Amino acid sequence: MIKVCFVCYGNICRSPSAEYIFKYLVNKYNLTDKFEIVSRGISSCETNNDIYLPSKEILIKHNIPFKRHFAKKITIEDIESSNYILCMEISHLNNIKRIYNPSYLSQKLFLMTHFNQNDKNEDIIDPYYYDNYELTYQQIYSSCLAFLNYIIENNLIK
């Protein structure tokens, strides 16, 4: 089983959106039993809060199913147990590197857009501050699809 952890700042907008978009895509490809998919934040400031309402509205608009969400801060256990940690911004990636051993993370820690040929190594914009939830959705969706295609094309599913 491949464990994927999506990371943003507070775990109320981008990372839960990525979690549910990726779950949707994995289900569409009939691979649900091959993945464990979670999302976390680098901060505890939103702990136990649900997905921010405008993010929910975008998921609903695009027919992406989701459940009640409880924001959580990433833990060492999350890092150790994840095969892939996909960060929405380079600052989140660098924050994790500062806290944990970078050499340990080199094979699992990536920027969300790393696998996306069109937007490679760009931050996913923060819709909370830029008020563009549709653009954020499009960036996340294309990056999730590129990541899933990478997993499939490289025969990484066991």
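**Labels and the values behind them**

Mentor: Cys5 has a relative accessibility of 0%, and so counts as buried, the limit for that word being under 20%. Keep in mind throughout that this is a predicted model.

Trainee: How do you know that Cys5 is in no disulfide?
Mentor: The total for the structure is zero disulfides. For Cys5, the nearest cysteine sulfur belongs to Cys87 and is 8.1 Å away, whereas a disulfide needs two cysteine sulfur atoms within 2.5 Å. Cys13 is likewise in no disulfide, since its nearest cysteine sulfur, that of Cys8, lies 6.8 Å away. Cys13 is buried, with a relative accessible area of 5%.

Trainee: What makes Arg14 and Glu89 a salt bridge?
Mentor: Their side chains meet at 2.8 Å, N to O, and the criterion asks for a side-chain nitrogen of Lys or Arg within 4 Å of a carboxyl oxygen of Asp or Glu, so the pair qualifies. The two residues are 75 apart in the chain, with Arg14 in helix α1 and Glu89 in the loop between β3 and α4, and the pair therefore links distant parts of the chain. Both Arg14 and Glu89 are buried.

Trainee: What is the closest N to O distance between Arg14 and Asp126, and where does Asp126 lie?
Mentor: The closest N and O atoms of Arg14 and Asp126 are 3.3 Å apart, which is again judged against the limit of 4 Å. Asp126 lies in the loop between β4 (109-111) and α6, 112 residues from Arg14, and Asp126 is buried, as Arg14 is.

Trainee: Why is α1 called largely enclosed by the rest of the structure?
Mentor: Eleven of the 15 residues of α1 are buried, and the description follows from that count. Among the buried residues are Tyr20, Ile21, Phe22, Leu25 and Val26, and the buried residues of α1 pack against elements that include β1 (2-8), β2, α4 (90-99) and α7 (133-153). Helix α1 covers residues 14-28 and reaches 21 Å from its first C-alpha to its last, close to the 21 Å expected at 1.5 Å a residue. One of its members, Glu19, has 7% relative accessibility and so counts as buried; leaving aside neighbours within four places in sequence, Glu19 is in contact with Phe6, Ile37, Val38, Ser39 and His69.

Trainee: How does the reach of α7 compare with the expected value?
Mentor: α7 has 21 residues and reaches 30 Å from first C-alpha to last, close to the 30 Å expected at 1.5 Å a residue. Its buried residues, which include Tyr137, Ile140, Phe147 and Leu148, pack against β1, α1, β2, α2, β3 (84-87) and α6.

Trainee: What makes the phi of Asn11 worth a remark?
Mentor: Most residues other than glycine have a negative phi. Asn11 is not a glycine, yet its phi is positive, about 70°; this residue sits in the loop between β1 and α1 and is buried at 0% relative accessibility. Asn48, also not a glycine, has a positive phi of about 75°. Asn48 lies in the loop between β2 and α2, where its relative accessible area of 46% makes Asn48 partly exposed.

Trainee: Which residues make the nonpolar surface patch, and why can Tyr52 be counted in it?
Mentor: Tyr52, Tyr128, Tyr129 and Tyr130 make a patch of about 520 Å². Patch members need over 30% relative accessible area, and Tyr52, which is partly exposed at 33%, therefore passes that cut-off. Tyr52 lies in the loop between β2 (35-41) and α2 (53-61).

Conventions. Residues are numbered from 1 along each chain as its sequence is written. This is a predicted model: local features need pLDDT of at least 70, side-chain atom pairs count only at pLDDT 80 or more; totals for chains, interfaces and linings use all residues. Side-chain values use heavy atoms; hydrogens and water are left out. Patches are made of residues with over 30% relative accessible area and no salt bridge: like charges are joined within 9 Å, nonpolar side chains (Val, Leu, Ile, Met, Phe, Trp, Tyr) within 5 Å. Accessible areas come from the Shrake-Rupley method with a 1.4 Å probe; for residues, only the protein chains shown count as cover. Helices (H or I, at least four residues) and strands (E, at least two) are DSSP runs, numbered from the N terminus. Buried means under 20% relative accessible area, exposed over 50%, partly exposed in between (1.4 Å probe, protein chains only). The expected span of a helix is 1.5 Å times one less than its number of residues. Contact means heavy atoms within 4.5 Å.
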